Structures are given as C-alpha cells and as structure tokens.
Amino acid sequence: MTLFRIFAAALLAGVALGAQAQTATKPGEFYFDADVSTARRIVVVEGEGEALAAGLVKARARGRRQMEATAQLAHVAMSDSRTELGKSLYEEAVAGTSQNSTMGRSIRWNYAWDLYRNGDFAQAFGLWNELGAGFGAPSWVPPTLALSLWSLDRKPEAIRWYAAAMRTEPNRWGDPANYPALLPGWREQERARLAEVFAAWQAAPPAWP
C-alpha cells in the first residue's frame, strides 16, 4: 500500500479549531516549571516512511494509545506536506482528549509546532497561548510565545515574553549562543528568529511589571 493510500485510509472528520486572532496571556514574572510531560515529542511507533504510517494506522485500529498514535500519524502527514490531512487527524486527537490531561496537553503542544512549521502562525499561537495559561509557569512558554508573536509581527508582545525568559534565567537567555542547548528541538531558522527577538529586547528592555 502506498503512503498516499495509507494516509487516505486514516482520514477521519475532525472538529475544526478556530484560528481567530487571540489576545496573548500577559507574562508572569518567572517561568521555572519544566512541564516535560507537555513539551515532548509523541512517539508510539518507531520507523519511517510507509512502514511507520502503516504501523500507526494499526495502532489506531487496536485502540491502545489510540489518540497518541493519531497525533503521531498527524505529524507524519504534516511533515509529508499533507497539511489538511494532518490537521484533520490532529483535530480528532484534540477532540478525544482533555486539555487538562497530560496526553491532551502534549498533543496540543505538538500540533502547534506542526502548524507553526507549516506557516499557520496564528493557530499555532492560539494553542500555545491556551496551554501556557492553563498550567503553572512552564519554562517553554516565554521563548515559544516570543517566537510565535514575532512571527505574527506582534513584536512588542514578543519582546515582553522574551523579557520573562530573561527574568527567569538571565545567564542562559542572555546569549543566543546558548540556544542550541536550550532549544535542541528547534530548527536553526527558528533559533535565528528568536535571536531577532533577543536583539530587540536588548535594544530596549521593557520594565517589569
């Protein structure tokens, strides 16, 4: 079975998520919570290509870790430029999980990254913004929202979020040379964009609060 047919067989109707412009959550003072259960890649089946897609379809059919398998299959689809299929699968996984659950938060975090990397900055921001507002003070929130808002040309808000990272760990976020260690899952162009936010913060650090 070709990869296209595997994906087509997996396509199910999803629940559409709104992509309207959202008001960013106001930054808090510090963001020390690791939140590693949210900020993680979902891997149910190892592999690549048709074998990976077929394995994920089987995992979905068996019902064991069904929503996680659906999210991983969605990631595979979006990485293969099958964006609409990937969104439909992700929306199915979102509809099948609670945002307050560990799995639900991780699925939404992964969905946001795949949206961002497919150029849907607004919907990616919406998911990250909601996640950041719903769980303590996760350390991934300031740099991720700064990147997202900068990409949306909402630069003053992006700078305020970078300031939150600087308040939390100034010795780490005060040098873009640290980004590969701080942000190992980010692409080089994403780190470069965050460095633009840093430069803007450095030129005019906003006052707190």
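**Salt bridges and helix packing**

Analyst: The side chains of Arg 65 and Glu 68 form a salt bridge, with an N to O distance of 2.9 Å. The model is a predicted one.

User: Is Glu 68 buried or exposed, and at what relative accessibility?

Analyst: Its partner in the salt bridge is Arg 65, which at 34% relative accessibility is partly exposed. Buried residues are those under 20% relative accessible area. Glu 68 falls under that cut-off and therefore counts as buried, at 9%.

User: How far apart are the closest N and O atoms of Lys 155 and Asp 153?

Analyst: Lys 155 is partly exposed, because its relative accessibility is 34%. Asp 153 counts as exposed because its value is 58%. The two residues form a salt bridge, and their closest N and O atoms are separated by 3.9 Å.

User: Which helix holds both Glu 188 and Arg 191?

Analyst: The side chains of Glu 188 and Arg 191 meet in a salt bridge at 3.3 Å, N to O. Glu 188 is exposed at 53% relative accessibility, whereas Arg 191 is buried at 12%. The two residues are 3 apart, about one turn of the helix, and both lie in H11.

User: How many salt bridges does a search of the whole structure find?

Analyst: The pairs discussed so far include Lys 155 with Asp 153 and Glu 188 with Arg 191. For the whole structure, the search gives a total of 11.

User: How are H5 and H6 oriented to each other?

Analyst: H5 spans residues 102-117 and H6 spans residues 121-133. Angles over 145 degrees count as roughly antiparallel. H5 and H6 are therefore roughly antiparallel.

User: What is the handedness of the crossing in which H5 passes H6, and how do the residues of their contact divide?

Analyst: H5 passes H6 in a crossing that is left-handed. On the H5 side the contact includes Arg 105, Arg 108, Trp 109 and Trp 113, and on the H6 side it includes Phe 121, Gln 123 and Trp 128. By class, the residues of this contact divide into 11 nonpolar, 1 polar and 2 charged.

User: How are H8 and H11 oriented to each other?

Analyst: The axes of H8, residues 155-168, and H11 come within 9 Å and cross at roughly 85°. Angles from 65 to 115 degrees count as roughly perpendicular. The orientation of H8 and H11 is therefore roughly perpendicular.

User: How many nonpolar residues are in the contact of H8 with H11?

Analyst: H8 contributes Ala 158, Ile 159, Tyr 162, Ala 163 and Met 166, while H11 contributes Leu 194, Val 197, Phe 198, Ala 200 and Trp 201. No polar and no charged residues are counted in this contact, and the nonpolar residues number 10.

User: What percentage of the residues in the protein chain is buried?

Analyst: The protein chain has 11 helices and 0 strands. Among its contacts between residues at least 6 apart in sequence, 64% join residues at least 24 apart. Of the 209 residues in the chain, the buried share is 47%.

Technical notes. Residues numbered from 1 in each chain as written. Predicted model: local features only at pLDDT ≥ 70, side-chain atom pairs only at ≥ 80, totals over all residues. Heavy atoms only, no water. Salt bridge = Lys/Arg side-chain N within 4 Å of Asp/Glu carboxyl O. Buried < 20%, exposed > 50% of the residue type's maximum accessible area, 1.4 Å probe, protein only. Helix = DSSP H or I, 4+ residues; strand = E, 2+ residues; numbered from the N terminus. Axes fitted to C-alpha atoms, helices over the stretch in contact; angles between N-to-C directions. Parallel < 35°, antiparallel > 145°, perpendicular 65-115°, else oblique. Left-handed = near helix turned anticlockwise from the far one by under 90°. Contact = heavy atoms within 4.5 Å. Nonpolar A, V, L, I, M, F, W, Y, C, P; charged D, E, K, R; others polar.
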